[in-house]
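Hi,

Here is the structure I promised to pass on. Have a look at it first, and then read my notes below.

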Amino acid sequence: MGLRLPVGGVTVLLGPAGARADTMAALDPGSARCAGGHASLSVLRLTAAPGDDVQQRLAAVAQAGTGTASVVLVDRLTDGLAAHDRRAVLAALRPVATAGRAVLVDDGDPIAALSVADTVLRTPALALEQVADADELEQLVG
């Protein structure tokens, strides 16, 4: 699968849960390349174990922000958290992206994830779209 993620922003996967899971599973960290296709990029996949609390998840996001990964795949990192904790973890992704990384998020709560999104990636077609304002967010999920 060929996919170009925008650098410096958060991209959120939208679509049926199964299609989102298939997309995340199909991404091969070993094949990540720069836009020119010649340089290999480091990829970090963030996930959470069922018992991980919000502090552990926030620490993982903070570590991603200081690490060398150019691409951060956030794979259902907020599963099992209360709404306010989900928002805190998702908000912590913004500085990770703005530091020059491409961040792709699949979340069990796509509405919450859209609150930090710059772009969305619709599955299964893999159509990338800009998110401009709150009015467009309502149309994306409606």
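Predicted model: local features only at pLDDT ≥ 70, side-chain atom pairs only at ≥ 80, totals over all residues.

A word on labels first: helices (H or I, at least four residues) and strands (E, at least two) are DSSP runs, numbered from the N terminus. By that count, Pro124 sits in the loop between strand E5 (119-122) and E6.

Residues are numbered from 1 along each chain as its sequence is written, and side-chain values use heavy atoms, with hydrogens and water left out.

Now the sheet. It is open and mixed, with 6 strands in the order E2-E3-E4-E1-E5-E6; two strands pair if DSSP finds at least two bridges between them. E2 and strand E6 (127-130) are at the edges with a single partner strand each, so one side of each has no neighbour in the sheet. On average, neighbouring strands are turned by 20° against each other, direction ignored. (Axes are lines fitted to C-alpha atoms, for helices over the stretch in contact, and angles run from 0 to 180 degrees between N-to-C directions.) E2 and E3 run parallel and are joined by 4 bridges; Leu46 has Val74 of E3 as its bridge partner.

5 of its 5 residues are buried, where buried means under 20% relative accessible area, exposed over 50% and partly exposed in between (1.4 Å probe, protein chains only). Val71, Leu73 and Asp75 point one way from E3, and Val72 and Val74 the other way. Leaving aside neighbours within four places in sequence, Val74 is in contact (heavy atoms within 4.5 Å) with Met24, Leu46, Leu93, Val103, Leu104, Val105 and Asp106.

Val74 also turns up in the largest nonpolar core: of its 25 residues, Val10, Val12, Val74, Val103 and Val105 touch the most other members. Such a core is a set of buried Ala, Val, Leu, Ile, Met, Phe, Trp, Tyr and Cys residues joined through side-chain atoms within 4.5 Å. A second, separate core has 8 residues, including Leu27, Val71, Leu104 and Leu121.

On to the helices. In helix H1 (residues 17-26), Ala19, Arg20, Thr23 and Met24 are buried. They fall within an arc of 135° seen down the axis, so they line one face of H1; the arc is that of the directions from the helix axis to the C-beta atoms. Asp22 and Ala25 are exposed on the other side of H1. Strand E1 (9-14) and helix H5 (110-114) are among the elements covering the buried residues of H1.

How do H2 and H3 lie against each other, and at what crossing angle? Their axes come within 9 Å and cross at roughly 10°, which makes H2 roughly parallel to H3 (angles under 35 degrees count as roughly parallel, over 145 as roughly antiparallel, 65 to 115 as roughly perpendicular and the rest as oblique). Val54, Arg57, Leu58 and Val61 of H2 make the contact with Asp85, Ala88 and Val89 of H3.

Arg76 lies in the loop between E3 and H3 and, at 28% relative accessibility, counts as partly exposed.

Cheers
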